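Look over the structure first, then read the points below.

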Amino acid sequence: MEKYLEYLQGRIICRNNIIKQLYSFIGIQDEPMPYSIFVCGHVATGKSLVVETMLSFLNYNTSIINCIEHTNSKHIFDYILSDLSLNGNEFLLNTKLQHRCDNIVDFIINIREISINDTRPIVLVFDKAEKLRDIDSSLLPALSRLKELSNVNVCVIFISDIVWEKFRAKVGVYEPIKVHFSQYTRHEFAEILLTYKPHDYEVAFYKNYLNLFLSVFLRFCRDLNELRYMAKINFKKYIEPIETDKSKIDDTATLWRNISAVFKSNLEVIYLRVSSEDFAKRSQLSKEIESTTKLALSFELPYYAKYMLIASYLASYNPAKEDKHLFIKQKIGKRRKAKRKPSKVNAPCGPYNFPVSRMLAIFCAILDEKVDINASLLAQIPSMCQLGLLSFVGNYNLDELKLKCCVSYDFILVIAKTVGFTIQNYLYNLMH
């Protein structure tokens, strides 16, 4: 037993007491297994790591299930039985395809059959166990009493980020043994992060860096995964003065002045898995896209007015001689696309002026329904001109009235998406 514990404690640091506790429950093969164990704790506190590492060392017939990956109890039962059969002897491998069940009764019968041919203890691990509440209300009570129902030496381990009291299980649930993974202390965070030290630097130097890093970040984040990531990317900035010969390795004051502002800026993006420099570049692009989208959606245009604006854009950016090829054939039937090598997207030319009659013809061509061109519909044109979406060109004689579309490609993409229209299929410069 001492050899097993030394091995586990050497693999996983800062969890010695919990390893001893779990090992006392399931580590001794000659003793009966407990009915169930409920392992809970905050995210990234080593719950799954400790359980899976311990079971990989013990010679048990085990199955580890991530409850997020399964939608119903049948999927879970089939996965467990297949897993247990693969871990078993040759007889089980030859008969594993026969283990199929639709309910808990068939599952218990199959568990008995597996235990007859493989006398090792069985351990079932349900990670993200809170998802079991959404699958079947009777599943959790049955699993908690699986040892009693099957008369097999089986233990069920539930792993969850929430406490047992929030499971709200019905009557009949066997109360599990509870094992709580407490949050890491600052000293433990430092000890764990020290294991990811770069090889080029000494332990004392990296410890000093972690002390500065945790003094800033630990007040706002207790997620080990996020802290490990941020410690890695900030360390590159921390050592810049050393690599550029602006500071010595023992000049802590200079190194702190160089990194303090970076620490503060990176606090704002700690859960985004980027540095503040990367975030600034990405956020600028996202702000431009977001502002265009918001601007387009802020114009609460009627349904037909949106199609009229789309038709205006197509009239402004497509050559008039291509209208028949682009729209008439699309209206009659699906146009066969000629096989050609893919070419680069040409930059859009325009916007060009177009007569109202051409825009209305395109409007009728791209709609899947017949529309009566009446005064109410034509009144949308001056309204969109007042909004700055269209503009009049030339004189205002109705026979020669010409317009020009004033919106950008990103803007019209948003408008087209709101009505489910694929405008890319009708733009000449995107097709040639």
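**Briefing**

Helix α16 (residues 303-317) lies across β6, β7 and β8, and its direction is at about 95° to that of β8. Angles run from 0 to 180 degrees between N-to-C directions, with axes as lines fitted to C-alpha atoms, for helices over the stretch in contact. Helices (H or I, at least four residues) and strands (E, at least two) are DSSP runs, numbered from the N terminus.

This is a predicted model, in which local features need pLDDT of at least 70 and side-chain atom pairs count only at pLDDT 80 or more, while totals for chains, interfaces and linings use all residues. Residues are numbered from 1 along each chain as its sequence is written, and side-chain values use heavy atoms, with hydrogens and water left out.

**The whole chain**

- The chain has 22 helices and eight strands.
- Of its 432 residues, 44% are buried. Buried means under 20% relative accessible area, exposed over 50%, and partly exposed in between (1.4 Å probe, protein chains only).
- Take the contacts in the chain with a separation of 6 or more: 72% of them join residues 24 or more positions apart. Contact means heavy atoms within 4.5 Å.
- The accessible surface of the chain is about 24300 Å², and carbon and sulfur atoms hold 52% of that. Such areas come from the Shrake-Rupley method with a 1.4 Å probe; for residues, only the protein chains shown count as cover.

**The three-stranded sheet**

- Three strands form an open sheet in the order β6-β8-β7, and the pairing is antiparallel. Two strands pair if DSSP finds at least two bridges between them.
- β6 (354-355) and β7 (390-393) are the edge strands, each pairing on one side only.
- β6 and β8 (residues 402-405) run antiparallel and are joined by two bridges.
- Pro355 has Lys402 in β8 as its bridge partner.

**The five-stranded sheet**

- Another open sheet has five strands in the order β2-β3-β4-β1-β5, with parallel pairing.
- Its edges are β2 (61-66) and β5 (177-181), which each pair on one side only.
- Direction ignored, neighbouring strands of this sheet are turned by 15° against each other on average.
- β3 (residues 122-127) and β4 (residues 154-160) run parallel, joined by six bridges. Phe126 has Phe158 in β4 as its bridge partner.
- Helix α4 (residues 73-86) packs on this sheet and touches β2 and β3. Its direction makes about 145° with that of β2.

**Nonpolar cores**

- The largest nonpolar core holds 41 residues; Leu309, Ile310, Leu314, Met359, Ile366, Phe421 and Ile423 touch the most other members. A nonpolar core is a set of buried Ala, Val, Leu, Ile, Met, Phe, Trp, Tyr and Cys residues joined through side-chain atoms within 4.5 Å.
- At least two residues of this core come from each of α16, α17 (323-332), α18 (356-366), α20 (380-386), β8 and α21 (409-418).
- Helix α16 gives the largest share, 10 residues.
- Ile366 contacts Tyr307, Ile310, Ala311, Leu314, Phe327 and Phe421, leaving aside its neighbours within four places in sequence.
- A second, separate core has 33 residues, among them Tyr209, Phe213, Leu224 and Met230.

**Cysteines**

- The structure has zero disulfides. A disulfide is a pair of cysteine sulfur atoms within 2.5 Å.
- Cys406 is partly exposed, because its relative accessibility is 42%.
- Cys221 counts as buried, because its relative accessibility is 1%.
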